[in-house]
Structures are given as structure tokens and as C-alpha cells.
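Please look through the sequence and the model below before reading on. The report then takes up one part of the fold at a time.

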Amino acid sequence: MADAPKSTPIRPGAALGLLGGGQLGRMFTLAARNLGFRVHALDPGHDCPAGQVADLEIRAAYNDVYAAKALARGVDVVTVEFENIPAETLAAVAGLRPMHPAASVLHTVQHRLREKSFLAEHGFPVTPFRSIDSLTDLQAAAAELGLPAVLKTASFGYDGKGQQKLTSPADLAPASAALGAQQGILEAWVPFELECSVICARSEAGESCVWPVAENAHRNHILDTTVFPARIPAAVATRAQAMALEIAAALGVVGMLTVEFFLKPGGELLVNELAPRPHNSGHATIDACVTSQFEQQVRAVCGLPLGDTALLRPAAMANLLGDLWPVTGEPPWERILAHRDVKLHLYGKLEARPGRKMGHLTALADTPEAALAKVLAAREALKD
Ligand code: AMP
């Protein structure tokens with residue numbers, strides 16, 4: 001196989017390929033188009049959020065290698081908006097065009113056991129974990145790690161999907177039955193004080209940058225609000241940022257990396273999860289930073305200089321889930337728009353379902369608390 005062509009620099013006017021067409025892809029596409037790039041997006045869904053704003057929408061399953069090759073042939077570089085793309089598709093694309101992040105990075109982060117093992121082997125702090133293939137494994141692991149603990153599927157888990165909290169020995173057999181033939185990972189429960197994340201970027205030339213730490217609150221395992229910057233001691237924030245950059249370098253990622261952390265009482269940080277892409281907790285960077293996470297993804301995968309990550313003002317983001325939608329029609333958006341200093345972002349999704357991320361709100365203020373109060377007040381205004 002011929003070497004994939006050298007990727008850098010790819011200049012405005014070129015076409016960028018995107019595997020995945022959800023809201024992250026939509027915001028990437030909008031940023032790319034602002035910079036004068038064209039975007040071709042591949043997604044299995046019809047009228048997907050990224051496809052609505054892209055130059056070309058290819059509707060195909062992620063395991064459709066021929067469609068992925070057609071996407072690659074029409075563009076100068078390919079990137080992804082989510083990590084669970086099948087290995088054969090990634091290999092086919094990487095054989096034709098530069099692809100960032102690389103298939104090897106996606107391979108590591110697609111699987112919780114591989115990801116946690118990678119982190120532990122490189123000396124990054126993670127909660128103790130065990131591989132689970134049977135009830136016997138689970139019983140032994142629960143005895144070693146103690147309860148409570150969290151059983152997760154090793155693959156295809158996000159937003160708490162495929163997760164079960166085990167609090168008593170009686171929970172083990174039903175949890176193992178629910179896992180079925182899937183490989184699992186048991187994690188020791190982390191009594192965290194708060195959850196935070198750090199988003200960073202790396203270019204092929206080794207240039208890197210990092211945003212301030214984001215403070216995240218979840219509801220039903222789904223991100224609910226982010227406060228930017230996190231209300232944590234400066235020394236802890238500096239450590240989290242440094243660790244994120246070290247992980248990005250160890251992974252050799254080109255593009256974006258999000259590192260989710262648990263902060264324990266006393267200041268200890270544990271890495272929870274990695275995502276080699278922009279992240280829901282970074283949406284406030286669109287309105288609050290000199291360079292958004294999406295513009296940075298464009299710059300990084302194109303081998304262009306990275307933009308300034310400075311935060312212009314404290315900010316907060318609140319997700320808008322499908323639960324807020326009426327049975328028919330759209331929510332009364334004018335009630336949000338009446339909050340004149342709150343920015344409304346909608347993803348163009350045609351069907352609202354409970355728990356589905358449909359959009360988000362961002363506000364800037366003099367303090368993170370005031371910004372949070374603004375987005376929450378605006379979101380409350382949607383409810384009767
Ligand atoms: P994940 O999909 O692994 O990011 O987990 C979703 C959410 O579940 C996290 O953001 C935490 O709020 C919670 N969670 C996951 N793993 C643990 C753990 N080992 N200890 C405590 N809470 C957890």
C-alpha cells in the first residue's frame with residue numbers, strides 16, 4: 001500500500017472529510033466553513049446535524065467501507081466526531097488520506113479496558129479496575145475492589161449507557177446476567193468531590209494547547225451543566241491541564257483530546273475517560289474563548305497553527321435535552337431568546353427523545369456562578 005499523502009498544511013479551500021454527523025460534527029463543520037473549507041460528512045442518519053450544514057452528506061453505515069473510501073477520495077484529510085468507528089473503516093480511510101486522530105488512537109479509546117490499561121501503564125492515576133468475563137470474575141473483582149463499584153461494558157458505552165452501580169453482593173448475579181456475553185470492566189467506586197474535564201489540542205508538528213478546566217455536573221449520567229473555568233484551586237487546575245497534555249503526547253494524538261477527571265476531596269485527580277475529539281464540556285469555548293474547540297480541531301487536523309485558547313470571560317453551558325420538547329412542535333424559543341445575553345445553539349435534530357442532546361445554552365458573566373445562574377434561568381423559562 002502506498003504511503004498516505006503528507007497532510008500538512010491543508011489550506012482553506014480544501015475539503016475536509018468527517019466520519020459522524022451529529023452535533024459535534026455540525027459545530028466542526030460550521031467552524032470549518034467559517035475558515036473557508038468545504039466539508040463532506042458521512043453518517044448513517046438522514047438529514048443529520050452535520051449534513052444540514054455540510055457541502056456533501058453521505059448517508060451510509062459506519063461499517064460501509066466503500067462509502068468511507070468514497071468520502072476519503074473526495075477530501076484532503078479525514079477526521080471523526082466520535083470514536084466508535086469500526087477498525088476496517090478506519091483502515092480503509094487511512095490508506096487513502098491522512099486521518100486524524102489515527103486509527104491506533106481510536107483503537108485505544110474505543111474500549112474501556114484498553115483505555116484504562118494504557119493510562120495505568122503510562123503512570124496516569126485511574127480508579128482500580130478489573131476485566132470481567134463471567135460471574136466468577138465479577139465475584140472475585142468485587143471482593144478485591146469492594147462495594148460499591150461500577151460495572152461497565154468495555155465497548156460502546158457513553159452517557160452512562162451500559163453502566164450499573166453495584167452496592168450489595170445481591171447485585172452481582174443480575175448485573176452479570178445483564179452484561180451477558182459482552183466483556184465488562186468493574187471499577188472501584190470513586191467518592192468524588194466534583195467532575196471536571198480538560199480539552200487540549202495537538203498538531204502533527206507537536207504544537208499543543210490547552211483550555212481552562214471545565215467543571216461538569218451530570219444528571220442521569222448525562223452532562224447537564226458546565227462551569228468554565230472550574231471552581232477549583234489553581235494548583236489543581238494546573239495539574240489537570242498538565243496531565244491532559246501529557247496524555248495527549250503519550251497517545252500521540254493529532255487533533256483534539258478531552259480528558260475527564262474525578263476530583264477527590266483533598267485534591268487527588270483520577271482520570272475517568274478519554275475522548276479524542278471535541279467534547280460536550282467544551283461547547284462554551286464557542287462563545288467564551290478566542291478559539292473554539294471546533295475551530296481548533298480544524299486547525300489541528302489541517303496542520304495549521306493552533307489558535308489562542310484564552311477565556312474571554314467566565315462562562316456556563318446548560319444542555320437542552322429532548323425532555324424539554326412538547327409532544328408536538330418546538331419549545332417556545334422566544335422565552336429563551338428574551339434572555340438577551342444567553343446564546344441558543346440548536347442542532348437541527350428532527351426528533352426529540354428523552355435524554356437526547358438537542359442543543360445547549362451558553363452565557364458569559366463576571367463570575368462562573370453568575371453565568372450558571374443565567375443559563376439555568378433561561379432554561380427554566382422553557383418550562384411552564
Ligand atoms: P462514564 O461513561 O464512564 O463517563 O460515566 C458516566 C458518569 O457515571 C460519570 O461522569 C460519573 O458521574 C459516573 N461514574 C462513572 N464511573 C464512576 C466511578 N468509578 N465512580 C463513581 N462514579 C462514576
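## A sheet of four strands

In what order do the four strands of the open sheet lie? In this predicted model, the order is E5-E8-E6-E7, and the pairing is antiparallel. Strand E5 (129-132) and strand E7 (163-166) form the edges, since each of these pairs on one side only. On average, and with direction ignored, neighbouring strands of the sheet are turned by 20° against each other.

The pairing can be followed in more detail at E5, which is joined by four bridges to the antiparallel strand E8 (residues 184-188). Within this pairing, Arg-130 has Leu-186 in E8 as its bridge partner.

## Two helices on the sheet

Helix H5 (residues 112-121) lies across E5, strand E6 (149-153), E7 and E8, and its direction runs at about 150° to E5. Helix H7 (residues 172-179) also packs on the sheet, where it touches E5, E6, E7 and E8, and its direction makes about 170° with that of E7.

Helix H8 (residues 234-251) consists of 18 residues and reaches 26 Å from its first C-alpha to its last, which is close to the 26 Å expected at 1.5 Å a residue. Just after H8, Gly-252 takes a positive phi of about 70°.

Which residues of H8 are buried? They are Val-236, Ala-237, Ala-240, Met-243, Ala-244, Ile-247, Ala-248 and Leu-251. These residues are on the same side of H8 because they cover an arc of only 135° around the axis.

The buried residues of H8 are covered by several elements, including helix H4 (103-109), H5, strand E9 (194-202), strand E13 (255-263) and strand E14 (269-275).

## A residue in a loop

Leu-312 is found in the loop that lies between helix H10 (293-301) and strand E15 (315-321). Is Leu-312 buried or exposed? Its relative accessible area is 56%, and exposed means over 50%, so Leu-312 counts as exposed.

Leaving aside its neighbours within four places in sequence, Leu-312 is in contact with Ala-288, Cys-289 and Val-290. Leu-312 and Arg-33 are 279 residues apart in sequence, and their C-alpha atoms are 23 Å apart in space.

Key:
Residues numbered from 1 in each chain as written. Predicted model: local features only at pLDDT ≥ 70, side-chain atom pairs only at ≥ 80, totals over all residues. Heavy atoms only, no water. Pairing = 2+ DSSP bridges. Axes fitted to C-alpha atoms, helices over the stretch in contact; angles between N-to-C directions. Contact = heavy atoms within 4.5 Å. Expected span 1.5 Å × (residues − 1). Buried < 20%, exposed > 50% of the residue type's maximum accessible area, 1.4 Å probe, protein only. Arc of directions from axis to C-beta.
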